[in-house]
Amino acid sequence: MSIAWNAFTPATALIGGAIIGVAVAFFVVLNGRIAGVSGILGGLARPQAGDVSWRIAFLAGLVAAPLALLAALPEIRVDASFPTLVAAGLLVGAGTRYGGGCTSGHGVCGVSRASPRSIAATVAFMAAGFATVFVARHLIAP
Amino acid sequence: MYTAASFAAGFVFGLGLLVAGMANPAKVLAFLDLAGAWDPSLALVMAGAVAVGAAAFAFMKKRTRTLLGAALLLPTPRRIDRRLILGSLVFGVGWGLAGICPGPALVLAGTGSAKGLTFLAAMIAGNGVFEFFEKRAAPGRARMQSS
């Protein structure tokens, strides 16, 4: 392992993380819910009265964030090809529903609550992420 | 008010993802690439988010209602089962392929990126796959679990 010091951005990482934490805090203190994106989206598949608008509002907030930053949007680079994006999207969409959460619900909220279930899920998806990148970058296409 | 607060939370969440670099798939993959030129930044994103999040959940611990008077609806499942682990492993493989998880997928879609929209469409289709098999497994009484 070699650390890419030139790419390391500790300040924006910590500040951005804290902003995510503030959003999570708002959501539990005001709305009483976990800010878990896959679950919020997934709940729309079985719409129930009174349970739809807050979900759409949260997701719309995520979509609107880059619009507010339009002039100062940070670097965004997607290297994956379109077929890879389709495969990855299918796996993420199905996997997060079976696993009951994603990076936000398990990784941030669950770990913040010290939920053993979420910690186990986070270890599993991180390990699979590390392994997948290792295989893709160092075994298949070194 | 409840819906407006929800929009604000999503919006602030999205800003955080952008500032942190989580909405940049190339940076996410550089974090997941332990054997390459490793960029440890995203570990600090997690640390920052959990530090603030843990304080908020601690504040809510003894409460049953939120400051808006809404019910506190936190997840109750506690079992660590095969479904949780296998689902999370599948998610991790998808995350490692593209460097995109559900929150950033929506932020990327908001930038109007064709690749972001493609990923989001596939992710929603993946949700559909889950719903299809859930309904077949337990018709009329679908299981719902969340983190």
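Which domains does the domain assignment of chain B give, and with which bounds?

Analyst: The model is a predicted one, in which local features need pLDDT of at least 70 and side-chain atom pairs count only at pLDDT 80 or more, while totals for chains, interfaces and linings use all residues. Residues are numbered from 1 along each chain as its sequence is written, and chains are lettered from A and ligands numbered from 1 in the order in which they are written.

Chain B is assigned a domain 1, spanning 1-74, and a domain 2, spanning 77-147; such bounds come from an automatic or database domain assignment. Between the C-alpha centres of domain 1 and domain 2 of chain B the distance is 18 Å. Eleven residues of domain 1 of chain B are in contact with eight residues of domain 2 of chain B, contact meaning that the C-beta atoms of two residues, placed from the backbone, lie within 7 Å. On the domain 1 side, helix 1 (2-20) and helix 2 (25-32) of chain B are the elements that give two or more residues. Helix 2 of chain B has the largest share, five residues. By class, this side of domain 1 of chain B holds ten nonpolar residues, one polar residue and no charged residues. Here Ala, Val, Leu, Ile, Met, Phe, Trp, Tyr, Cys and Pro count as nonpolar, Asp, Glu, Lys and Arg as charged, and the others, Gly among them, as polar.

Chain B as a whole has six helices and one strand, arranged from the N terminus as α-α-β-α-α-α-α. These elements are DSSP runs numbered from the N terminus: helices are H or I runs of at least four residues, and strands are E runs of at least two. Along the principal axes, the C-alpha atoms of chain B fill a box of roughly 45 × 40 × 30 Å. Of its 147 residues, 53% count as buried. A residue is buried if 20 or more other C-beta atoms lie within 10 Å of its own, exposed if 12 or fewer, and partly exposed in between, with C-beta atoms placed from the backbone. Among contacts in chain B between residues at least 6 apart in sequence, 39% join residues at least 24 apart.

B:Pro40 leads from chain B to its partner. This residue lies in the loop between strand 1 (37-38) and helix 3 (41-60) of chain B. Because 18 other C-beta atoms lie within 10 Å, B:Pro40 is partly exposed. Neighbours within four places in sequence aside, B:Pro40 is in contact with A:Ile3, A:Phe8 and B:Phe31. A:Ile3 has B:Trp38, in strand 1 of chain B, as its bridge partner. Strand 1 of chain A and strand 1 of chain B pair in the parallel sense over two bridges; two strands pair if DSSP finds at least two bridges between them.

The contact between the chains takes 111 residues from chain A and 110 residues from chain B. On the chain A side, the largest share, 21 residues, comes from helix 1 of chain A. That side has 69 nonpolar, 33 polar and nine charged residues.

Two helix pairs show how the chains meet. Two packed helices are described by the angle between their axes and the distance between the axes. The axes of helix 3 of chain A and helix 1 of chain B come within 7 Å and cross at roughly 35°. Axes are lines fitted to C-alpha atoms, for helices over the stretch in contact, and angles run from 0 to 180 degrees between N-to-C directions. This crossing of helix 3 of chain A with helix 1 of chain B is right-handed; a crossing is left-handed if the near helix is turned anticlockwise from the far one by less than a right angle, and right-handed if clockwise. Residues making the contact include A:Trp54 and A:Phe58 of helix 3 of chain A and B:Phe7 and B:Phe11 of helix 1 of chain B. Its classes are 17 nonpolar, six polar and no charged residues.

In the other pair, the axes of helix 6 of chain A and helix 4 (residues 82-98) of chain B come within 7 Å and cross at roughly 40°. The crossing of helix 6 of chain A and helix 4 of chain B is right-handed. Among the residues that meet there are A:Arg117 and A:Phe125 in helix 6 of chain A, and B:Phe91 and B:Trp95 in helix 4 of chain B. The contact has 16 nonpolar, five polar and one charged residues.
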